[in-house]
Amino acid sequence: METLASPLCTTHGGLVNFFGGGSVSVLGFPLQHLKTQALPDSKKKLSFGVIKASVAKTEVALLRIGTRGSPLALAQAHETRDKLMSSHPELAEEGAIKIVVIKTTGDKILSQPLADIGGKGLFTKEIDEALINGDIDIAVHSMKDVPTYLPEKTILPCNLQREDVRDAFISLSASSLAELPAGSVVGTASLRRKSQILHRYPSLKVEENFRGNVQTRLRKLKEGVVQATLLALAGLRRLSMTENVTSVLSIDEMLPAVAQGAIGISCRSNDENMASYLASLNHEETQLAVVCERAFLETLDGSCRTPIAGYAYKDDDVLETSRKGPYVFEDMVMMGKDAGKELLSKAGPGFFDF
């Protein structure tokens, strides 16, 4: 596998890359610092997709899935539903599974950047509450939205197989970030993306209050609010909207968010029936990489206010950082924490105080 390489940031930034059998690549940059591979025949015309939740026809469903209402969230809920139906005949009956749409704090407040809203669980809190209260049976989340702690009385026993973790560059006027003229505005609500963009291309500007679902952001781009934007390639794939992609950024050009491309499914800790359903869907390789990345993020106390990226992956059945260990749950967690501590020691106190 091709190793990752990025220049060490100056005294204001920190970068740790781990290579070998299994690798963790982690990155932290302060806000003041932060080659793409152009796809052939990249499309300049944007298309939009809409996915609607199915409605169960029976009054009482055997399983209720809680999800946000965005097209991407619904696509992920439908993916979960389809896998459950194909694995468990009793859930394949019409009306056996119901999708319940729940609006979260992050969905309600669109006028401010996420960093200004503050707090954790902006896209999960209300769904978790519905789960704990028994209004739903399982909750489907984008793992990068899930805080490093889980609410009491809940467990997350399942990660579906991870999608492509890379970010997609989308523009109507340039084929890459490098080709954008000085002063061009890139729209992204992610501090992680903003930090890496400005680190590599300080002549560019970033509009950080670039909020909304995928369709909304593409519409804003088409209207000229910004000259370019970055979106997770995983989401575009799940929405069957990759025709909008201008180019795909390599891992060393734009390190992904912790757990990017992974879907997590939680249930109540005392619900053995749901835990059994979810265990049958779990993709172990994805789960191990995700717990490693989340342990790293937890060590740094990461949130939407901190520009942190991290990526763990399996290669030749060994995960290797500057220390080695078995590719098992406990060791993956410990290596993630060690990586976070190493970055903290290099960054020094006040690194995230902007």
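Trainee: How many of the five residues of strand E8 (residues 167-171) are buried, and what follows for the strand?

Mentor: Bear in mind that this is a predicted model. To read burial, go through a strand residue by residue and then look at both of its faces. In strand E8, five of the five residues are buried, so the strand is largely enclosed by the rest of the structure. Asp167, Phe169 and Ser171 point one way, Ala168 and Ile170 point the other way, and all are buried.

Trainee: Which strands pair with E8, and in what sense?

Mentor: For pairing, look for bridges and the direction of each strand. E8 pairs with strand E11 (residues 228-232) in the antiparallel sense, over five bridges. Within that pairing, Asp167 stands opposite Ala232. Strand E12 (residues 247-248) also runs antiparallel to E8 and is joined to it by two bridges. There, Val248 is the bridge partner of Ala168.

Trainee: How many residues of H5 are buried, and which ones?

Mentor: Eight of the 10 residues of H5 are buried, so this helix is largely enclosed by the rest of the structure. The buried residues are Leu191, Arg192, Arg193, Lys194, Ser195, Gln196, Ile197 and Leu198. At the N-terminal end, Ser190 caps H5, with a side-chain oxygen 3.2 Å from the backbone nitrogen of Arg192.

Trainee: What should I look for in helix H6 (residues 214-222)? Which of its residues are buried?

Mentor: An α-helix has 3.6 residues a turn, so residues three or four places apart point the same way. With that in mind, list the buried positions: in H6 they are Val214, Gln215, Arg217, Leu218, Lys220 and Leu221. These residues pack against helix H1 (71-87), E8, E11 and H7. Then check the two ends. At the start of H6, a side-chain oxygen of Asn213 comes to within 3.1 Å of the backbone nitrogen of Gln215. After the helix comes Gly224, with a positive phi near 85°.

Trainee: How many salt bridges does a search of the whole structure find?

Mentor: The search finds 15 salt bridges. To read one, take the distance, then the location of each partner, then the accessibility. Arg237 and Glu163 meet through their side chains at 3.7 Å, N to O.

Trainee: Are Arg237 and Glu163 buried, partly exposed or exposed?

Mentor: Arg237 has 40% relative accessibility and therefore counts as partly exposed. Glu163, at 28%, also counts as partly exposed.

Trainee: Which residues touch the most other members of the largest nonpolar core?

Mentor: That core has 19 residues, and Leu63, Ile65, Leu84, Ile138 and Ile265 touch the most other members. Next, see which elements contribute. Those giving two or more residues are strand E4 (63-67), H1, strand E5 (97-101), strand E6 (138-142), strand E13 (263-268) and helix H8 (272-279). Leaving out residues up to four places away in sequence, Leu84 touches Leu63, Leu91, Ile97, Ile138, Tyr277 and Leu281. Another core, of 15 residues, lies apart from this one and includes Val214, Leu233, Leu236 and Leu239.

Trainee: What is the average pLDDT, and where does it fall below 50?

Mentor: Read the average before the local values. The protein averages a pLDDT of 82, and 76% of the residues score at least 70. Over residues 1-40 the pLDDT is below 50, although this stretch has 143 contacts in the model beyond near neighbours in sequence. Residues 317-321 also stay under 50, with 24 contacts beyond four places in sequence.

Note on methods: Residues are numbered from 1 along each chain as its sequence is written. This is a predicted model: local features need pLDDT of at least 70, side-chain atom pairs count only at pLDDT 80 or more; totals for chains, interfaces and linings use all residues. Side-chain values use heavy atoms; hydrogens and water are left out. Buried means under 20% relative accessible area, exposed over 50%, partly exposed in between (1.4 Å probe, protein chains only). Helices (H or I, at least four residues) and strands (E, at least two) are DSSP runs, numbered from the N terminus. Two strands pair if DSSP finds at least two bridges between them. pLDDT is the predictor's confidence in each residue, from 0 to 100. Contact means heavy atoms within 4.5 Å. A salt bridge is a side-chain nitrogen of Lys or Arg within 4 Å of a carboxyl oxygen of Asp or Glu. A polar contact is a pair of N or O atoms within 3.5 Å; within protein, one must be able to donate a hydrogen and the other to accept it, and residues adjacent in sequence count only if both atoms are side-chain atoms. A nonpolar core is a set of buried Ala, Val, Leu, Ile, Met, Phe, Trp, Tyr and Cys residues joined through side-chain atoms within 4.5 Å.
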